[in-house]
Amino acid sequence: MQDAGGAVRVEIRQKRFGEKAVLGPIAFNVEAGEVLGLTGPSGIGKSTLLRIIAGLDQDYEGKVLDAGRLAMVFQEPTLLPWRSALQNLTLTTGCGAERALQALDEVGLSGEEESFPHRLSLGQQRRLALARAIAVTPDSLLLDEAFVSLDDATALRMRSLTLRLLEPRQVASLLVSHDLSELATLSDRVVYLDGKPAEIKGTFVFDEDQRTRDQTEAAKELRHWMARTQS
Amino acid sequence: MSRKTEIPRWRASLISLAILLLLWEVVALLADDPTLLPTPQRVAAIIYHEALDGALFLHLSATLLRVLAAFVLAMGIGCVIGLWMGRSRTADIWGDPWLVAFLNLPALVTIVLCYLWIGLTEVAAVAAVAINKIPMVAVMLREGARALDPALDDMAKVFRMKRGAKLQHVWAPQLAPQFAAAGRAGMALIWKIVLVVEFLGRSNGVGFQIHLYFQLFEVGHVLAYSVSFILVMLLIEVFLLQPWERHAGRWRRRAG
């Protein structure tokens, strides 16, 4: 469903897999220009929640209103290996070559337009997936552990790049991650999911915005908050 | 440390064919009966004569047109059925027994029934061949469709790819190996069935000529038409199928 006035509004009553309820009542909003972090134990249903918001799973009780054009960065880069980097943007999103080249340039992949994804490193593939997401000029963006299995240095560069890309855009973003540094770098708020079925156990709001906050301190605060929430 | 020099594939193929011709030559000389087994030179002379006469091209083209018509029909319908059964569990459950039945239907039965029901026409001939081939294409494509990457489907859905674009850029490249295998196996099977169809009920084509010379006990002519059509199929393999396969798989090489 669309038209949430530049925001994502989620009101889920329940999500079941057969007899088993995996998600309980969950409600939150993500405003335009805001990044909401979503974390919780493995297998708690974060990716299921993201799939519901993305419209990939429609078998649930409740409603999701999204801002309009939605883009997603998946856990795996999920590229078309038989198409070039440029075609991965133009054919998938329907954007023009000029827009695609601009998106490639923004993620630092200029000169790789004709490269096939397998020729690129994992970091470059993830940047290509990010370029695909911004190429659609999204109103809402879902990032599902988008920087997982990268080495520390590459992950750090990816986080900075994502922050730089999101900053000038009024995109309602939802970031699923286990990585506290990632959440501390990119999020305005962090929602913690837990329980069976999963519910929101608490929301952490950072005092300062992403540009001014001390990332190490922010991650530490988040860790303490999560420890308190879990207990 | 010594390392064996590997012989190029095309050269090995040529040498292998030359050995086959040599064997044929030796057996023909040992048999010493041109009416039973003529030498390759004698068969080549017949081919040359039939080509000059124009009969060879007339019958080759008639067979080739039937092969192409049946091939396009079988690949088209077989792909649609295979994709449908591969993607829909209901279609698979209900369609599978039909597929098994048609897979086990002998080609001869289909041909005879088509001729009986439709008449000794071109439509019956092409339909009989296509009906024989459709189940095999469907089975191959069904396996491919079952193995389509669900993550790419999700990606296509999130980015709202149009149905045509998804088919062309997401599904078709994943199905290319099954499509190529079905195409290659299809070509090999179809032209053999076309010869039977022509043998039983057409008044032109390689199968008709083989029937004619079988009745006249002209082994040389039977071999001449068979060899000619094998050469045509080899040319299709080398100049159409293989280049298409190379084109479809170029991303793998560039990726390597």
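This is a predicted model: local features need pLDDT of at least 70, side-chain atom pairs count only at pLDDT 80 or more; totals for chains, interfaces and linings use all residues.
Biologist: How many residues of chain A are in contact with chain B, and with how many residues of chain B?

Modeller: On the side of chain A that touches chain B, strand S6 (70-73) and helix H2 (85-93) of chain A each supply at least two residues. By class, that side has 11 nonpolar, 4 polar and 3 charged residues. The contact as a whole involves 18 residues of chain A and 15 residues of chain B.

Biologist: In what order do the strands of the open sheet in chain A stand?

Modeller: The sheet is built from 6 strands, and its pairing is mixed. Its edge strands, each of which pairs on one side only, are S6 and S10 of chain A, and the twist averages 20° from one strand to the next. Read across the sheet, the order is S6-S7-S8-S4-S9-S10.

Biologist: Do S6(A) and S7(A) run parallel or antiparallel?

Modeller: These strands are joined by 4 bridges, and Leu70(A) stands opposite Ser140(A) in S7(A). At another place in the sheet, 6 bridges join S9(A) to S10(A), which run antiparallel, with Arg189(A) opposite Val205(A) in S10(A). For S6(A) and S7(A), however, the direction is parallel.

Biologist: Which residues of S6(A) are buried on one side and on the other?

Modeller: Both faces of S6(A) are covered, and H4(A) packs on the sheet, touching S6 and S7 of chain A, with its direction at about 175° to that of S6(A). On one side of S6(A) the buried residues are Leu70(A) and Met72(A), and on the other they are Ala71(A) and Val73(A).

Biologist: Why do the buried residues of H3(A) line one face of the helix, and within what arc do they fall?

Modeller: The buried residues of helix H3 (residues 97-106) of chain A are Ala100(A), Ala103(A) and Leu104(A). An α-helix has 3.6 residues a turn, so residues three or four places apart point the same way. What covers the buried residues of H3(A) includes H2 and helix H4 (122-135) of chain A. Seen down the axis of H3(A), the buried residues line one face because they fall within an arc of 100°.

Biologist: Which peptide bond is cis, with omega near 0°?

Modeller: Most residues other than glycine have a negative phi, and most peptide bonds are trans. The proline concerned, Pro197(A), has its place in the loop between strand S9 (189-194) and strand S10 (199-205) of chain A. The cis bond runs from Lys196(A) to Pro197(A).

Biologist: Is Glu145(A), with its positive phi, buried or partly exposed?

Modeller: The phi of Glu145(A) is near 40°, and this residue is found in the loop between strand S7 (140-144) and helix H5 (152-166) of chain A. A residue needs 20 or more other C-beta atoms within 10 Å to be buried. Glu145(A) has 19 such atoms within 10 Å, and therefore it is partly exposed.

Biologist: Is Asp32(B) buried or exposed?

Modeller: Asp32(B) has its place in the loop between helix H1 (9-31) and H2 of chain B, and its phi is near 55°, a positive value in a residue other than glycine. Because Asp32(B) has 8 C-beta neighbours inside 10 Å, it counts as exposed.

Biologist: How many helices and how many strands does chain B have?

Modeller: The C-alpha trace of chain B spans about 70 × 70 × 30 Å along its principal axes, and buried residues make up 32% of its 256 residues. Counting its elements gives 11 helices and 0 strands.

Biologist: How are H2(B) and H3(B) placed relative to each other?

Modeller: Ile47(B), Glu50(B), Ala51(B) and Asp53(B) in H2(B) meet Ala55(B), Leu56(B) and Phe57(B) in H3(B), and the residues of this contact divide into 5 nonpolar, no polar and 2 charged. The axes of helix H2 (residues 40-53) and helix H3 (residues 55-87) of chain B come within 4 Å and cross at roughly 85°. The two helices are therefore roughly perpendicular.

Definitions and conventions
Residues are numbered from 1 along each chain as its sequence is written. Chains are lettered from A and ligands numbered from 1 in the order in which they are written. Two residues are in contact if their C-beta atoms, placed from the backbone, lie within 7 Å. Ala, Val, Leu, Ile, Met, Phe, Trp, Tyr, Cys and Pro count as nonpolar, Asp, Glu, Lys and Arg as charged, and the others, Gly among them, as polar. Axes are lines fitted to C-alpha atoms, for helices over the stretch in contact, and angles run from 0 to 180 degrees between N-to-C directions. Angles under 35 degrees count as roughly parallel, over 145 as roughly antiparallel, 65 to 115 as roughly perpendicular and the rest as oblique. A residue is buried if 20 or more other C-beta atoms lie within 10 Å of its own, exposed if 12 or fewer, and partly exposed in between; C-beta atoms are placed from the backbone. The arc is that of the directions from the helix axis to the C-beta atoms. Two strands pair if DSSP finds at least two bridges between them.
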